[in-house]
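Open the viewer and keep the selection tool at hand. This tour moves from one stop to the next.

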Amino acid sequence: MDKTLLEDFRYITSFISPRVQGYLRKLSEKNISEIQEIRLRAGRPIVIVMASGSSFLTDNARLSYIMSANCVIPSQNEIFDTVNKMCGYSMHSHYEDLLNGYITLQNGSRVGVCGTAVYDKDFVKGIDNIDSINIRIPRNVRGVSEPIFEKVLTKYPTNIIIAGPPSSGKTTMLRDIAYQLSSGRLGKYHKLCVVDERKEIFPSKINIDSLGPNTDVLLGFPKSKGISMAVRTLSPEYIICDEIGSSEEVDSILDGINCGVVFILSIHAKSFMELRNKKSYYNLVTKGNFDKTIMLYGSENPCKIKGIYNSDEVLNENSNINSYNDNLLDISSSINKAN
């Protein structure tokens with residue numbers, strides 16, 4: 001088993017209450033290597049999500065696809081204590097992140113948080129009664145972006161959109177692209193800036209081996225603000241950022257492109273229809289010259305490329321790309337078509 005992955009698992013579980021932590025750490029290395037998410041809900045069985053589906057953690061430290069009386073069930077206090085520890089026992093210092101429904105751990109694990117909204121007149125001012133958390137396990141897979149360098153990032157810089165449903169590996173793909181560009185993969189140590197609003201791509205600048213030697217990271221800045229700062233002060237050749245959606249973000253990206261910066265971005269989309277219906281995607285393709293769209297499979301095959309497409313073809317409802325769930329072109333025929 002990969003040593004870094006095991007260290008990440010032990011780091012993540014160190015925040016979980018000792019009773020639950022004990023069961024998790026007794027799982028086999030094979031199980032640990034396949035875990036994508038750990039879902040803790042007060043008064044309900046712990047769910048472990050892998051590519052093969054959702055399973056339940058049992059009190060003999062095994063995974064079962066059948067819910068039974070042997071399932072491990074965390075209490076409300078255990079959930080609260082876990083979140084409090086993740087916040088360094090200072091939940092108010094994570095106020096903004098909690099309002100947005102997540103906490104990001106130092107190793108890049110994003111923890112989704114569910115609870116009850118606390119209102120001040122018409123505005124949500126906090127979250128209370130936290131009773132459910134979802135811990136996503138990050139992956140640092142070196143070389144996973146190789147097909148993109150072989151087929152897209154070859155002769156000239158290209159604006160790229162990577163699309164896929166949740167847990168399809170978009171962030172992992174961006175992380176490897178950033179490392180490769182910064183480390184001389186194209187024969188030059190390109191100047192690169194990562195705008196990492198949710199602290200998921202490169203949460204810890206200490207890990208130089210993952211950053212690459214010519215990468216700057218703006219952590220925690222709203223993407224629109226971070227992109228503007230990067231263009232104005234860091235003179236990047238490439239900017240990479242995750243989960244583009246708002247009109248403000250799109251405007252900042254278009255301004256950056258007009259200044260000569262190349263962008264590699266990700267967007268959530270589980271189907272081509274969903275992608276077409278996103279105003280952000282339409283504006284990026286039609287106004288920002290994002291020539292290529294890379295579609296990923298999904299959580300069952302994380303970081304696996306379904307196809308590489310001309311973006312104007314994706315926008316064309318009359319093209320033979322009708323639905324992400326249909327029989328799409330396999331990667332070889334997609335690449336031939338894209339080129």
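Leaving aside neighbours within four places in sequence, which residues is I133 in contact with? Select I133 and look: I38, R39, L40, I79, T82, V83, V111, G112 and V113. Contact here means heavy atoms within 4.5 Å.

Some ground rules. This is a predicted model, where local features need pLDDT of at least 70, side-chain atom pairs count only at pLDDT 80 or more, and totals for chains, interfaces and linings use all residues. Residues are numbered from 1 along each chain as its sequence is written, and side-chain values use heavy atoms, with hydrogens and water left out.

**Stop 1: the cores**

Stay on I133. I133 is among the residues with the most contacts inside the largest nonpolar core, along with I38, I48 and I135. That core has 32 residues. A nonpolar core is a set of buried Ala, Val, Leu, Ile, Met, Phe, Trp, Tyr and Cys residues joined through side-chain atoms within 4.5 Å. Buried means under 20% relative accessible area, exposed over 50%, partly exposed in between (1.4 Å probe, protein chains only). Now colour the elements that each supply at least two residues of this core: α1 (3-13), α2 (18-25), β1 (35-41), β2 (47-50), α4 (76-86), β6 (110-120) and β7 (123-136). Helices (H or I, at least four residues) and strands (E, at least two) are DSSP runs, numbered from the N terminus.

**Stop 2: R25**

Go to helix α2 and select R25. Its relative accessibility is 28%, so R25 counts as partly exposed. Leaving aside neighbours within four places in sequence, R25 is in contact with F9, R10, T13 and S14. R25 and S14 sit eleven residues apart in sequence, with their C-alpha atoms 9.7 Å apart.

**Stop 3: α9 and α10**

Select helix α9 (residues 223-233) with α10; their axes come within 8 Å and cross at roughly 15°. Therefore α9 is roughly parallel to α10 (an angle under 35 degrees). Axes are lines fitted to C-alpha atoms, for helices over the stretch in contact, and angles run from 0 to 180 degrees between N-to-C directions. Show K223, S224, I227, S228 and V231 of α9 against E248, E249, S252, I253 and G256 of α10.

**Stop 4: α10 and α12**

On α10, V250, I253, L254 and I257 make the contact; on α12, S280, N283, L284, K287 and G288 do.

Notes. Angles under 35 degrees count as roughly parallel, over 145 as roughly antiparallel, 65 to 115 as roughly perpendicular and the rest as oblique.
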